[in-house]
Amino acid sequence: MRTMQRRNAAVGAIMMLVVAMSAVRGAAQAKVDVTGKWALNVETSAGAGQPTFTFKQDGEKLTGHYVGTFGEADLTGTVKGADISFAFTVDAQGTALKETYTGTVDKDTMKGKLVIEGFGEGTFTGKKQ
């Protein structure tokens with residue numbers, strides 16, 4: 001009987017620990033907020049660039065503005081936990097270029113990959129200003 005009580009107590013303690021760890025992880029993920037100005041370094045096979053982004057985050061919804069080599073454009077995307085994804089289309093000398101960025105955020109930095117539709121892929125790193 002005592003062995004069963006100890007086992008039940010141990011199982012209960014483990015369950016409480018799992019719930020607590022999940023709550024802490026969820027709270028840490030909820031604190032990601034990319035709202036503000038960001039400077040990115042972009043590397044692609046076609047060259048490098050240093051665009052700036054201004055983001056506004058509302059829950060998981062992301063809106064903002066891109067300024068860089070290809071001009072300016074409004075963007076939309078999402079932030080889910082530490083994962084970020086956003087896209088925009090620019091008019092580069094009469095050619096519409098869709099750029100899609102996907103990556104992760106860690107406090108005031110981010111990194112990931114980008115795809116310039118029809119032109120190739122690259123990587124980016126960024127820092128909040």
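User: In the hairpin of β7 and β8, which residue takes a positive phi?

Analyst: This is a predicted model, and the residue is K107, with a phi near 60°. The hairpin has two residues between the strands. Strand β8 covers residues 109-116 and pairs with β7 in the antiparallel sense, over eight bridges. D106 stands opposite T109 in β8.

User: How many bridges join strand β6 to β7?

Analyst: Ten bridges join β6, residues 83-92, to β7, and the two strands run antiparallel. Their hairpin also has two residues between the strands, and here Q93 takes a positive phi near 55°. Further along this pairing, F86 stands opposite Y101 in β7.

User: What describes a pair of aromatic rings?

Analyst: A pair of aromatic rings is described by the distance of the centres and the angle of the planes. The structure holds eleven aromatic pairs. In one of them, F53 and Y101 are 5.4 Å apart centre to centre with 70° between the planes, an edge-to-face arrangement. Planes over 60 degrees apart count as edge-to-face, so the angle of 70° places F53 and Y101 in that class.

User: Which strands hold F53 and Y101?

Analyst: F53 lies in strand β3 (residues 52-58) and Y101 in strand β7 (residues 95-106). The pair thus links distant parts of the chain, 48 residues apart.

User: Is F53 buried or exposed?

Analyst: Buried means under 20% relative accessible area. F53 is buried because its relative accessible area is 0%, and Y101 counts as buried at 1%.

User: Which residues do ring pairs link into a cluster?

Analyst: The cluster consists of W38, F53, F55, Y66, F86, F88, Y101 and F124.

User: Where is G47, and is G47 buried or partly exposed?

Analyst: G47 is in strand β2, residues 47-49. With a relative accessible area of 31%, G47 is partly exposed. The C-alpha atoms of G47 and G122 are separated by 9.3 Å, although these residues are 75 residues apart along the chain.

Key
Residues are numbered from 1 along each chain as its sequence is written. This is a predicted model: local features need pLDDT of at least 70, side-chain atom pairs count only at pLDDT 80 or more; totals for chains, interfaces and linings use all residues. Side-chain values use heavy atoms; hydrogens and water are left out. Rings of Phe, Tyr and Trp (its six-membered ring) pair if their centres lie within 6.5 Å; planes under 30 degrees apart count as stacked, over 60 as edge-to-face and the rest as tilted. Helices (H or I, at least four residues) and strands (E, at least two) are DSSP runs, numbered from the N terminus. Buried means under 20% relative accessible area, exposed over 50%, partly exposed in between (1.4 Å probe, protein chains only). Two strands pair if DSSP finds at least two bridges between them.
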